[in-house]
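Let's take a friendly tour of a protein model. Have a look at the picture first, then read on.

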Amino acid sequence: MDASSPLTFAIIGFIVGLIVGAVAYRLLSKSQREASSMRQKLLEREHQIAEMKSSVGSHLTGIYQRLSNIRDEANQLELQLKEDAAEWDIRDAAIQPSLDLLGIDSTREQQTEADTSTPAMPRDYADGKSGTLSEDFGLKGNEAATPQPPRY
């Protein structure tokens, strides 16, 4: 065989073509794998974002429900406060400046002012103006004579 024969050139061309083809396949295959892995990562990230959006949505819904419950409880407490203020005839705006006490009738307040008189003497004080404790308070005729066991 001659080195310049067409068959030699064909064999060398075929071998070089196989090598170039193999190298090109490896390069293209590597970029294809990278593109495929990038697509996979993109799909995973989109899935994570969708999960995060749904969890944030449920979290915000829970917060809205809790806030609604707090508002309902605050309204109930305000109503209870108004009822208690009406029950106790509290109309002092300096004590409760933000409390709306328009629903309280003032006739009961006037009646209580008229009913107030000097307070009665407590039962455990002696009669008179001295105000000292009575020595025989709580003692009755027969009970005083019964002996009591000693207290330790």
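This is a predicted model: local features need pLDDT of at least 70, side-chain atom pairs count only at pLDDT 80 or more; totals for chains, interfaces and linings use all residues.

Below are some notes on confidence, layout, surface and side-chain pairings.

Residues are numbered from 1 along each chain as its sequence is written, and side-chain values use heavy atoms, leaving out hydrogens and water.

pLDDT is the predictor's confidence in each residue, from 0 to 100. Here the protein averages 76, and 61% of the residues score at least 70. A contact here means heavy atoms within 4.5 Å.

## The overall layout

You'll find three helices and zero strands, so to speak an α-α-α pattern as you read along the sequence. Both kinds of element are DSSP runs numbered from the N terminus: helices are H or I with at least four residues, strands are E with at least two.

What share of the contacts with a separation of 6 or more comes from residues 24 or more positions apart? It's 0%.

Of the 152 residues, 6% count as buried. Buried means under 20% relative accessible area, exposed means over 50%, and partly exposed is in between (1.4 Å probe, protein chains only).

The protein exposes about 14100 Å², with carbon and sulfur atoms supplying 59% of it. Areas come from the Shrake-Rupley method with a 1.4 Å probe; for residues, only the protein chains shown count as cover.

## Pairs of side chains

The structure holds one salt bridge, meaning a side-chain nitrogen of Lys or Arg within 4 Å of a carboxyl oxygen of Asp or Glu. Side chains of opposite charge can pair when their charged atoms come close. The partners are Glu-78 and Lys-82, at 3.9 Å from N to O. Both sit in helix H1, four residues apart, about one turn of the helix. Glu-78 is partly exposed at 38% relative accessible area, and Lys-82 is partly exposed too, at 29%.

Now for Ser-5, in the segment before H1. Ser-5 is buried, with a relative accessible area of 15%. Its side chain makes a polar contact with the side chain of Thr-8 at 2.9 Å. A polar contact is a pair of N or O atoms within 3.5 Å; within protein, one must be able to donate a hydrogen and the other to accept it, and residues adjacent in sequence count only if both atoms are side-chain atoms.
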